[in-house]
Amino acid sequence: MSLMTKWPLRPLIFRSLYWKIFFFFWLTLIAVIFSVATLSEIIVEKREQEEYQRVVKLGIKAADIFETKGTEELTVWLRYIDQEFNVKGFMLDSKRRPISLANLPKNWLEFTLPLTQNRLSERHLRGFQPYRISSSSNRIYTFVAHRDNSGPYPAWLKHLPILQVITALVIVALLTAFVTWRITDPLRKLKQATDSFARGNFDTRLPMLIGFRRDEIGEVGLAFNRMAERISLLVSNQQRLFRDISHELRTPLARQQIALELLARKLPDTEHQSLHRIEREIERMNDLIDQVLTLLRLEQNGQTPSIEAYDLSDLLCKLTQDAQFEDQSKHQVHLQQPDKNMLTGQPELVSRAVENILRNAMRYTADGSQIFLHVDLHKDTVVIRIEDEGEGVPEDSLKRLFEPFYRVEASRNQQSGGYGVGMAIAEQAIRAQGGTIEASNRPEGGLRVVITLPKASG
Amino acid sequence: MTTRILLIEDDQELNELLSEFLALENFEVDQAFDGEQGLNMALNGQYDALVLDIMMPKMNGLDLLKQFRVNNKTPVLMLTARSDEVDRIVGFEMGADDYLPKPCNPREIVARIRAILRRVEMDKAGMQASGSRQVIIREDVELNHNTRIVSKQGEDLDLTSTEFNLLASLLEKAGQVLSKEELTETALGRHLALYDRSVDMHMSNLRRKIGPFSSNEPRIKTIRGVGYQYVIND
């Protein structure tokens, strides 16, 4: 309820473990891709250097052959290296005129233009690469080698085309999303189960889907189930003990009650006052046992709920009349509600809850003060407000008001009656129907209890 | 003439104490300590009233009541566990005439027994009353005080004696609103107590058994804060 607003909410994107893990993996994978790309770039670069050296060596040899043995031998050599070294090249002299016709492409004229200094920029002249060669006799030639398009490295690494990058990112994102989901989804389920358990559904267990995982998350699931098993056993044992004790106390009380009446017949009237006193105490114990048993029954909520349609207005009307009658009209109860208010649920439980709160209001406030009972209709809910003009409850006690046997210290005396179970019963009764109950102090003094009920509870 | 009561209660000591108390109140009490014994004694003896516990070994009070009611109209006061409303509702459906939460003051038990008996007397007196009151016919419903049989469209309805009394009161004053106090007094023979929903429970059983008019309008209407009314269907 109010616990949720303890911390100012940062945007979901930063709070959610899902997105944290998602971005972590995603960015990591992108970084990995880029570093791999850069690395291969370097490797390719080195290879290119070696290739350059190799081709230049062959070019120098070609220049030397031309100088020493003439054009024909050069042609033979050029054919030879095409076959043996897979280097298809032709020679241009210092004026960039072709020396041999061997391997001369149709566009050879382009290579007669002056070469720029940057070797890398010349690289892609339609698959040809010119190399500047100086022969052993220090004359300058140009050796143009045809480059095979299927190089030693994939082309996309050189170009890093946008489309491929996007595709890669999307694929990586999908993978990351899946991995992240595999981690956070069980955590989400674990949270749901824990919440449900905390709400008092002690039979909540994690589905075996998580339990079957053999990793750490699966272990957590199994551990949760073991813990749930243990706690629910403890709780049910405690409840059973509580119930058994209550039942067992009741039998001797019943006998005592009759024995007391028998005694009353035999004793003179002068003794009857003491007997009445005992009788009243028996009655009190009976009431207390009743309340405890009722509370236990509601907490177990294993009973088949009998859902029926009922008129809340009618119920509250009767209830207020009865309560006022019992109270001998020491308080004035103002009932403000719609004429007719059909709900679906368990009227018995609603009646019990409101009755307990109303009685408490009467018990803990001064005679002659007023009690207000308002009913407001909302879209799917009905809100019942019960307000009194008493002293209210210390702020730190408000939350504990619905704990069994909890009583605000100042009121812990027998005179005001009550056993501190009434409010706990009210809470359980309302919760059993999917409603909520909250207590607060009114600014103008007095306690306000707000019951919110769904119009139709299943 | 002494009144004979069968007390069916499995708690030996409680049974003894209660018998002693009832005896002091001039009842002649027979004791049964489990369901089977109780049913046998109830069927074979001539009792004026039964006081019946629900939780019992061998056969519980509800089963006993069901079998006993097959052809027996002896009034039954049921003792239910205090906080168990389900038992109470089922008990009424099975045909208990009144219930008391247990444990309770034995004086209250005596008062309830007297109330039931008084009512039975009243019914007997009613039977001997003059002719005009003996049979009430309203539309398709016929109520016969002599035979204590109610029929709808010629078919007999299986009503408990409390339900019969409620219907009789309502039919006699059809169209008028009867308060819960009035109905409690005429049908249960006692005063309305605080948070007393007995009449409401009997009434809901009666409604279910008698059904609505052919127009699907309910025959018995709840008038909020006042009581109940048998609707005149024109």
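I'll start with helix α2 (residues 17-69) of chain A, which lies across β1, β2 and β3 of chain A and runs at about 60° to β2(A). Axes here are lines fitted to C-alpha atoms, for helices over the stretch in contact, and angles run from 0 to 180 degrees between N-to-C directions. Helices (H or I, at least four residues) and strands (E, at least two) are DSSP runs, numbered from the N terminus. Contact between two residues means that their C-beta atoms, placed from the backbone, lie within 7 Å.

Some housekeeping. This is a predicted model, in which local features need pLDDT of at least 70 and side-chain atom pairs count only at pLDDT 80 or more, while totals for chains, interfaces and linings use all residues. Residues are numbered from 1 along each chain as its sequence is written, and chains are lettered from A and ligands numbered from 1 in the order in which they are written.

Now the sheet under discussion. In what order do the three strands of chain A stand? The order is β1-β3-β2, in an open sheet with antiparallel pairing. Strands count as paired if DSSP finds at least two bridges between them. β1 and β2 of chain A are at the edges with a single partner strand each, so one side of each has no neighbour in the sheet. On average, neighbouring strands of this sheet are turned by 25° against each other, direction ignored.

Take the pairs in turn. Strand β1 (residues 88-92) of chain A pairs with β3(A) over five bridges, and A:Phe90 stands opposite A:Val144 in β3(A). Strand β2 (residues 128-134) of chain A is joined to β3(A) by seven bridges. There, A:Gln129 has A:Ala145 as its bridge partner, and A:Tyr131 has A:Phe143. β2(A) and β3(A) form a hairpin with five residues between them, and A:Asn138 in the turn has a positive phi of about 65°.

Is strand β3 of chain A buried or exposed? Five of the seven residues of β3 (residues 140-146) are buried, so the strand is largely enclosed by the rest of the structure. Buried means that 20 or more other C-beta atoms lie within 10 Å of the residue's own; exposed means 12 or fewer, partly exposed is in between, and C-beta atoms are placed from the backbone.

Chain B has eight helices and 12 strands, with 36% of its 234 residues buried.

Where the chains touch, 22 residues come from chain A and 20 residues from chain B. On chain A's side, α7 (216-266), α8 (272-300) and α9 (312-326) each supply at least two residues. α7(A) gives the most, with 11 residues.

Last, helix α1 (residues 12-24) of chain B. Its 13 residues reach 19 Å from first C-alpha to last, close to the 18 Å expected at 1.5 Å a residue; the expected span is 1.5 Å times one less than the number of residues. Which residues of α1(B) are buried? They are B:Leu14, B:Asn15, B:Leu17, B:Leu18, B:Phe21 and B:Leu22. These cover an arc of only 170° around the axis, which puts them on the same side of α1(B). The arc is that of the directions from the helix axis to the C-beta atoms. The face turned away from that buried side carries the exposed residues B:Gln12 and B:Ala23. Just after α1(B), B:Asn26 takes a positive phi of about 70°.
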